[in-house]
Amino acid sequence: MFEGFESGRIAVDSVEIAYVAAGAGEPLLMLHGFPQTKALWARIAPELVALGYRVICADLRGYGASDKPPAGADLTNYSFRAMAADQLGLMKALGHERFHLAGHDRGARVAHRLALDHPAVVASVTLMDIVPTAVMLGDLRREVAQSYWHWFFLAQPAPFPERMIEANPDLFYETCLFGWGAAGPQDFDAEQLAAYRASWHDAKAIAGGCNDYRAALAVDLAEQGRRISAPALILYGTAGAMAKLYDLPATWADRCTTMDARAVPGGHFFPDSAPVEVTEQVAAFLGRHPFTPVSE
């Protein structure tokens, strides 16, 4: 995967963030979701590089090859704000003071936070298959709670969910990956799936994912009432639970200054199952919103 990409880990304050990067042109930071790693972008990033972008794919704090520190007592070190600061620090260390931003699932929530906290650095943002966190947690209808049960299981106090998952990581994570909307094993690239599985068997990554969800319930509702100032693209899977439960464009309309919304084939994990369509949508959106990098 990621042939021709450089790879490394960069220290940002107290953690090291793992990344791969390639290409020249306008920089684009891509952030994965749960239960995945930066391998999510292995069939998308090279195509965007070929189209003339400098693409950086990073692991979130607590995931993949990035550091997985113990959670603080108040959980703020696993908040979307802390994760966004990690990624901003990574991009600055790589020499990018302004950049495009794209995220799926948890990565999209981090991207949302980064776009709110640091609007001057975000040239555009693509959010894939999420509704705002405040909407999600304020709308616990039966159908929502049944579809998104993992939010509340993973957020239980340590070490209960960690020990339950460690007993059979593949059973738990495959239930998530293959049970959240129209995807089966055949929809995932074998090499990417192997990378996900390797992370699933890391006890620190299991704890990192749990801490991510604990923080989301405890400290991550501050975006309510604020607008993203950068141009925003909302992508969602036509067969996913999000599209069935929500009018996704409507949930974002009053949270974005400039918004485009597009549906793509597949369920929640459409970046895995429909990489060509995702590449086309992201490339077209970036083409409509070029920028001049901030001078060093």
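A salt bridge is a side-chain nitrogen of Lys or Arg within 4 Å of a carboxyl oxygen of Asp or Glu. Keep that in mind as you start the tour at Asp-139 and Arg-141, whose side chains meet in a salt bridge with 2.9 Å from N to O.

Before you go on, here is how to read the model. It is a predicted model, in which local features need pLDDT of at least 70 and side-chain atom pairs count only at pLDDT 80 or more, while totals for chains, interfaces and linings use all residues. Residues are numbered from 1 along each chain as its sequence is written, and side-chain values use heavy atoms, with hydrogens and water left out.

**Stop 1: charged pairs**

Stay with Arg-141, which is partly exposed with a relative accessible area of 32%. For the burial words on this tour, buried means under 20% relative accessible area, exposed means over 50%, and partly exposed is in between (1.4 Å probe, protein chains only).

Next select Arg-142 and Glu-143. Their side chains also meet in a salt bridge, at 3.4 Å from N to O. Arg-142 is exposed at 60% relative accessible area, and Glu-143 is partly exposed at 33%.

Now jump to Glu-162 and Arg-214, which form a salt bridge with their closest N and O atoms 2.8 Å apart. Glu-162 lies in helix 7 (residues 160-166) and Arg-214 in helix 10 (residues 203-219), so this pair ties together parts that are 52 residues apart in sequence. Helices here are DSSP runs of H or I with at least four residues, strands are runs of E with at least two, and both are numbered from the N terminus. Are these two residues buried or exposed? Glu-162 is buried, with a relative accessible area of 6%, and Arg-214 counts as buried at 8%.

To see a network of salt bridges, select Arg-81, Arg-113, Asp-117 and Arg-226 together. A search of the whole structure finds 18 salt bridges.

**Stop 2: aromatic rings**

Switch to the rings. Rings of Phe, Tyr and Trp (its six-membered ring) pair if their centres lie within 6.5 Å; planes under 30 degrees apart count as stacked, over 60 as edge-to-face and the rest as tilted. The whole structure holds twelve aromatic pairs.

Select Phe-34 and Tyr-173: their ring centres are 5.9 Å apart and their planes stand at 55 degrees, so the pair is tilted. This pair links distant parts of the chain, with Phe-34 in the loop between strand 3 (26-31) and helix 1 (45-50) and Tyr-173 in helix 8 (residues 169-179), 139 residues apart. Phe-34 and Tyr-173 are both buried.

Trp-149 and Phe-153 come next. Their ring centres lie 6.5 Å apart with the planes at 45 degrees, so this pair is tilted too. Both residues belong to helix 6 (residues 149-154), where they sit four residues apart, about one turn of the helix. Trp-149 counts as partly exposed at 32% relative accessibility, whereas Phe-153 is buried at 19%.

Then widen the selection to the cluster that ring pairs build from Phe-34, Trp-149, Trp-151, Phe-153, Phe-160, Phe-172, Tyr-173, Trp-200 and Tyr-213.

A charge sits over a ring if NZ of Lys or CZ of Arg is within 6 Å of the ring centre and within 35 degrees of the ring normal. The charged end of Arg-106 sits over the ring of Trp-151, 4.8 Å from its centre. Arg-106 also lies over the face of Tyr-213, at 3.6 Å from the ring centre.

**Stop 3**

Select residues 80-93 to show helix 2. Helix 2 has 14 residues and spans 20 Å from its first C-alpha to its last, close to the 20 Å expected at 1.5 Å a residue (that is, 1.5 Å times one less than the number of residues). Among its buried residues are Phe-80, Leu-88 and Met-91.

Just after helix 2, Gly-95 takes a positive phi of about 95 degrees. His-96 is in the loop between helix 2 and strand 5 (99-104), and is buried at 14% relative accessible area. Leaving aside neighbours within four places in sequence, His-96 is in contact (heavy atoms within 4.5 Å) with Pro-27, Arg-54, Ile-56 and Met-91.

**Stop 4: strand 7**

Finish at strand 7 (residues 228-237), where nine of the ten residues are buried. Two strands pair if DSSP finds at least two bridges between them. Four bridges join strand 7 to strand 6 (residues 122-128), running parallel, and eight join strand 7 to strand 8 (residues 256-264), also parallel. Which residues flank Ile-234? Leu-127 stands opposite Ile-234, and in strand 8 its bridge partner is Ala-261.
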